[in-house]
Structure formats: structure tokens, C-alpha cells
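User: Please go through this model with me by question and answer. I would like each reply to end on the value or name requested.

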Amino acid sequence: MKQSWFKIVLLITMQILVFRVFAQVAPENLKTALVYRIANCVKWNADTTKVFSIGMLSDNQLLIDKFNELSKVAKINKKQIRIKQIRALSSMRGLNMLYVDKSYNETMYEILKRAENSCLIISEEQNTPGNFMINLKFDSNKSNYTFEYNRANIIYAGLDLTEEIVLLK
């Protein structure tokens, strides 16, 4: 009888612990997962590279680590993923995608001007409508991230969106 009670208490304790762990998902995990799902809804028509290269213009080491973790187990456009931390705008060459942390929002216009064709730029909390391709925004009502996109900027970069992008919103 004591063994049964012990098992029940242990099971309930484990369920509570698991619930608490999963209820507190780090924002970096949410951003990384959303970016990965968005990237798989983009068509890189002129891409001939063998590796999918993502530049990270961010000082958030946890976010960069999450992207690196994902790159080990996931593919984008049926290609292995390589993460490159960007320290200067001059280092943006050869990227398929550039993730721009909100701390760099003031330089977004310059980033868009310097970006190579076929480079998708994903920003975070960008408030100027014309200054993004895909922009992540935190929805405080849902305690989750959502996104908006500027189709004109995406097409101008030689990219296209699949119909599945609408399902992510």
C-alpha cells in the first residue's frame, strides 16, 4: 500500500514539474522555432548553394545558441544550416537569411540597402512598415510571437512566399 501511494505522489510530482518546465518557454526558443517555420515557407528561386547560411546580427548569445542547436538537427530548403554571427554590415555576403535582433533596428534601412539579392531579412519588433521583409512581434495577449511580412520587399529581393505562410499567422 505504501508503495502505491509513493508511486502516485511521484507521478503527480513529475507531472507538475513537467508542466512548469514547458509552461515557461524562453523567448529565444519561440523565435528560433518561428523563424525556422517561416524560412520553410520561402522560395529561394536563384539559390545554388549547398549549405543554407543564416547570419545572426545579434548580441543575444542565448538566441545564437538556439539557432546553432537547431542547425544541427534541421534543414531549410533541403540543405544543412550554417549559422554565422555578424558583427559588421560588411560581413553580410553570401547569406541566404539574416536575422536582425531588435537592438539593431535603427540600422534596418542600411541593412536592407546592403543586402544581397536572395537574402531574406527577418527583423524583430521593427516599427517602420517599409523597413522589413519579415518582422517578428510579441503578442502580449497570447504570450507568443507572431509575424508580419512585406511582400514587396521579399519579391524585390528575388524571393517568393509559399501559400503555407498564411497558415503560420
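This is a predicted model: local features need pLDDT of at least 70, side-chain atom pairs count only at pLDDT 80 or more; totals for chains, interfaces and linings use all residues.

User: How many helices and strands does the protein chain have?

Analyst: Helices (H or I, at least four residues) and strands (E, at least two) are DSSP runs, numbered from the N terminus. On that basis the protein chain has 6 helices and 9 strands.

User: What percentage of the residues in the protein chain is buried?

Analyst: Buried means under 20% relative accessible area, exposed means over 50%, and partly exposed lies in between, with a 1.4 Å probe and protein chains only. The protein chain has 169 residues, and the buried share is 38%.

User: What share of the contacts with a separation of 6 or more joins residues 24 or more positions apart?

Analyst: A contact means heavy atoms within 4.5 Å. Among contacts in the protein chain with a separation of 6 or more, the share from residues 24 or more positions apart is 54%.

User: Why are H2 and H3 classed as they are, and what is the term for their orientation?

Analyst: Two packed helices are described by the angle between their axes and the distance between the axes. The axes of H2 (residues 27–39) and H3 (residues 61–73) come within 9 Å and cross at roughly 45°; axes are lines fitted to C-alpha atoms, for helices over the stretch in contact, with angles from 0 to 180 degrees between N-to-C directions. Angles under 35 degrees count as roughly parallel, over 145 as roughly antiparallel, 65 to 115 as roughly perpendicular and the rest as oblique. The orientation of H2 and H3 is therefore oblique.

User: Which residues make the contact between H2 and H3, and how many of them are nonpolar, polar and charged?

Analyst: H2 contributes Glu28, Asn29, Lys31, Thr32, Val35 and Tyr36, and H3 contributes Leu62, Leu63, Lys66, Phe67 and Leu70. Ala, Val, Leu, Ile, Met, Phe, Trp, Tyr, Cys and Pro count as nonpolar, Asp, Glu, Lys and Arg as charged, and the others, Gly among them, as polar. By class, the contact has 6 nonpolar, 2 polar and 3 charged residues.

User: Is Asn150 buried or exposed?

Analyst: Asn150 lies in the loop between strand E8 (144–149) and helix H5 (151–156). Beyond its neighbours within four places in sequence, Asn150 contacts Pro129, Gly130, Phe132 and Met133. Its relative accessible area is 16%, so Asn150 is buried.

User: Which residues does Leu112 contact beyond its neighbours within four places in sequence?

Analyst: Leu112 sits in helix H4 (residues 108–114) and is partly exposed at 22% relative accessibility. Its C-alpha atom is 8.8 Å from that of Met133, 21 residues apart in sequence. The contacts of Leu112 are Ile121, Gly130, Asn131, Phe132, Met133 and Asn153.

User: What are the phi values of Asn77 and Lys78?

Analyst: Both residues are found in the loop between strands E3 (75–76) and E4 (79–85). Asn77 is partly exposed at 30% relative accessible area, whereas Lys78 is exposed at 80%. Neither residue is a glycine, yet phi is positive in each, at about 60° for Asn77 and about 65° for Lys78.

User: What is the C-alpha separation of Leu161 and Cys41?

Analyst: Leu161 is in strand E9 (residues 159–161) and is buried, with a relative accessible area of 6%. Beyond four places in sequence, its contacts include Cys41, Val42 and Tyr149. Leu161 and Cys41 are 120 residues apart in sequence, and their C-alpha separation is 5.8 Å.

User: What is the C-alpha separation of Leu159 and Cys119?

Analyst: Leu159 also lies in strand E9 and is buried at 3% relative accessibility. Beyond four places in sequence, its contacts include Trp44, Cys119 and Ile154. Leu159 and Cys119 are 40 residues apart along the chain, with a C-alpha separation of 8.0 Å.

Terms used:
Residues are numbered from 1 along each chain as its sequence is written. Side-chain values use heavy atoms; hydrogens and water are left out.
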